[in-house]
Amino acid sequence: MRLPGTRFQEHGWEQVRKLLGQCSLTALTTGLLDDYVEAMSASLQRTGSRFDTPANSYGDTVRDLALTLLFELQARPRDWDAFIATLPADAGEALFRKKCNDMYATLRDKVDSDNYQAACGRPCSPNRIYAYRMLDTAYHEIARLCADWRGHAAQVGAILGRDIDAAPIEARQLQSIAGCRPEWILRWSAACAGPLDTRSKRFDALKDNPAKIGAMLQEIAEYEAISSNRDADWRLDSGAATDWLDDYWRVLAAPEESAPGPDRILEAHQEAIDLAWEAPAAALVEDDLAIDVGASVSLPPGFIQMARLAEDPGSWAARMMQEDGLPVRLAVYAKLTGPDDEVYPDAWRDPATGALPTMQQLALLAGVSLPTLRKRRDAAIARLTTAARP
Amino acid sequence: MKPDDVLERRLRAAILLARVDQDRLVLSDAVLGAAIAGRTPLSAGERAALAASPLTIRRFRQLVLDGVTAWRSSAGMLRAADSGAALTELVTDDGHWTLHFLAGQVILQLHAQAPFARQLLVEQPLLRVIDGAGAVVMLGRLDSDGECESAWPFAVAPAQHFQQAGAVFAVEALPA
């Protein structure tokens with residue numbers, strides 16, 4: 001299924017989910033999100049080339065999507081806390097994978113509902129994304145049954161609401177989700193105790209609402225039609241185009257005369273389907289384990305001097321983080337723009353990996369412990385954020 | 001642009017777009033679009049709401065990238081040599097607008113496929129069509145079908161009029 005802005009809703013999700021679960025088995029060691037993200041990032045980059053296959057129609061690979069979701073997890077510590085809080089200390093591999101899976105499944109719908117809103121300007125919730133996907137899955141199931149109507153005459157009859165004795169014309173006309181009628185979804189679910197007929201309240205908003213179902217089916221169909229021949233388009237997070245920043249700064253600069261009338265700020269817009277479900281809140285886990293920095297720094301001699309020469313001391317970032325030292329500044333870049341942006345000077349990169357040094361390497365360069373480096377990095381980011389958001 | 005500048009801009013963009021919990025769209029496309037196009041500035045409260053909502057800033061970026069708000073004007077020209085036949089329509093060079101001439105009326109039509117179509121239908125800005133001499137051919141707002149109609153204002157017929165006025169024309173949005 002494709003919807004505006006979404007990245008994690010197509011065929012490759014199964015692979016992404018499995019890759020994240022597999023790498024998490026060894027990456028989760030301390031319960032600290034920072035430890036986990038760093039270990040996962042290294043682990044995902046080490047996996048074999050079979051994860052370089054496209055996982056959606058924009059051409060993002062399984063590995064790209066896994067790394068993107070890991071990056072998103074960094075920004076949502078509450079999701080991480082909830083995961084850790086519900087993970088039994090003695091969880092076996094199967095339970096661990098299930099919990100991990102649940103966390104990422106929730107996260108992908110959160111990220112994609114944000115992406116959807118940014119792409120088309122309409123409000124959306126994670127539960128609504130889940131509902132779109134349920135309807136898409138139901139359509140495919142109905143299409144499968146209709147395509148083999150002889151083998152499933154009773155079920156097809158129940159879906160179409162009449163006895164089937166010859167090839168049903170609806171089955172031949174069902175070329176895409178656009179041809180799927182909401183009543184069929186309702187009858188299909190009723191006949192097989194499907195998603196609209198369980199005790200879960202998740203889809204209550206759709207149960208007696210064929211018009212709403214119909215509108216959602218049409219939306220999926222329309223977007224699939226217009227996006228079917230679209231080129232790879234990763235501009236959402238490529239960061240390559242930053243021209244919009246100039247527009248943003250211009251708009252935020254106070255105008256000479258302000259607009260008359262009250263502020264035109266939108267009300268929170270939530271329909272029943274957006275409210276139906278919320279991830280359980282969890283207690284914050286404070287787990288300040290001492291970290292054993294065992295890995296040796298294999299950076300070339302003189303790295304820090306060369307890296308400093310490659311820095312522009314007059315830049316905004318260097319000025320804002322003047323007191324922090326180069327290792328902290330590199331840690332900030334790694335967290336905000338990723339470990340391997342093509343704009344980084346070569347002197348900032350570890351020749352062994354081609355990326356910025358790892359957090360452990362930077363901690364040793366700075367002569368501080370890893371937790372201290374993280375604290376300084378996060379403090380610097382907080383300062384930048386305050387400066388950038390007036 | 002120097003690599004350092006690119007690096008700095010990326011860093012600043014990443015900071016502005018870093019997600020926060022419980023975020024939602026706080027400004028409509030119409031409000032954002034009018035601000036981006038410089039038609040209606042944001043109030044102080046609206047600016048604060050935008051700055052505090054990375055999701056709305058993402059939407060802002062998307063609108064800029066789509067270019068939907070950037071439309072200010074489209075120009076076109078009288079192409080065919082005068083064949084003596086009455087002029088029935090003129091299309092702008094970008095293909096997004098058609099002027100239809102019939103029975104003493106002129107109808108401006110916005111094509112639904114224009115990238116800025118949705119935005120203009122929401123915003124309904126005042127539109128003006130001018131000829132090559134700067135005279136106003138029509139002034140009005142689009143209806144919900146994306147059309148605007150008025151009487152042909154000149155004494156001579158459209159083909160002859162445009163030929164006398166430089167054989168060009170333009171559709172433009174007037175500032176609010």
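This passage describes the predicted model of a structure with chains A and B, from the make-up of chain A to its contacts with chain B. Residues are numbered from 1 along each chain as its sequence is written, chains are lettered from A and ligands numbered from 1 in the order in which they are written. Because the model is predicted, local features need pLDDT of at least 70 and side-chain atom pairs count only at pLDDT 80 or more, whereas totals for chains, interfaces and linings use all residues.

Chain A has 19 helices and zero strands, where helices (H or I, at least four residues) and strands (E, at least two) are DSSP runs numbered from the N terminus. Of the 390 residues in chain A, 36% are buried (20 or more other C-beta atoms within 10 Å of the residue's own, with C-beta atoms placed from the backbone). Among the contacts in chain A with a separation of 6 or more, 67% join residues 24 or more positions apart; two residues are in contact if their C-beta atoms, placed from the backbone, lie within 7 Å.

Helix H1 (residues 13-27) of chain A packs against H5(A) at an angle of about 130°, and their axes are 9 Å apart. Axes are lines fitted to C-alpha atoms, for helices over the stretch in contact, and angles run from 0 to 180 degrees between N-to-C directions. Residues of H1(A), including Leu20(A) and Gly21(A), meet residues of H5(A), including Phe96(A) and Cys100(A).

The largest nonpolar core holds 54 residues; such a core is a set of buried Ala, Val, Leu, Ile, Met, Phe, Trp, Tyr and Cys residues joined through C-beta atoms within 7 Å. Ala131(A), Tyr132(A), Leu135(A), Ile142(A), Ile185(A) and Leu217(A) touch the most other members. Helices of both chains each supply at least two residues of this core, among them H5 of chain A and helix H4 (54-66) of chain B, and H6(A) gives the most, with 11 residues. Beyond its neighbours within four places in sequence, Leu135(A) is in contact with Ile185(A), Ile213(A), Met216(A) and Leu217(A).

Between the chains, 41 residues of chain A are in contact with 44 residues of chain B. Helices of chain A that each supply at least two residues of the side touching chain B include helix H5 (93-120) and helix H19 (370-388). The largest share of that side, six residues, comes from H13(A).

Definitions and conventions:
A residue is buried if 20 or more other C-beta atoms lie within 10 Å of its own, exposed if 12 or fewer, and partly exposed in between; C-beta atoms are placed from the backbone.
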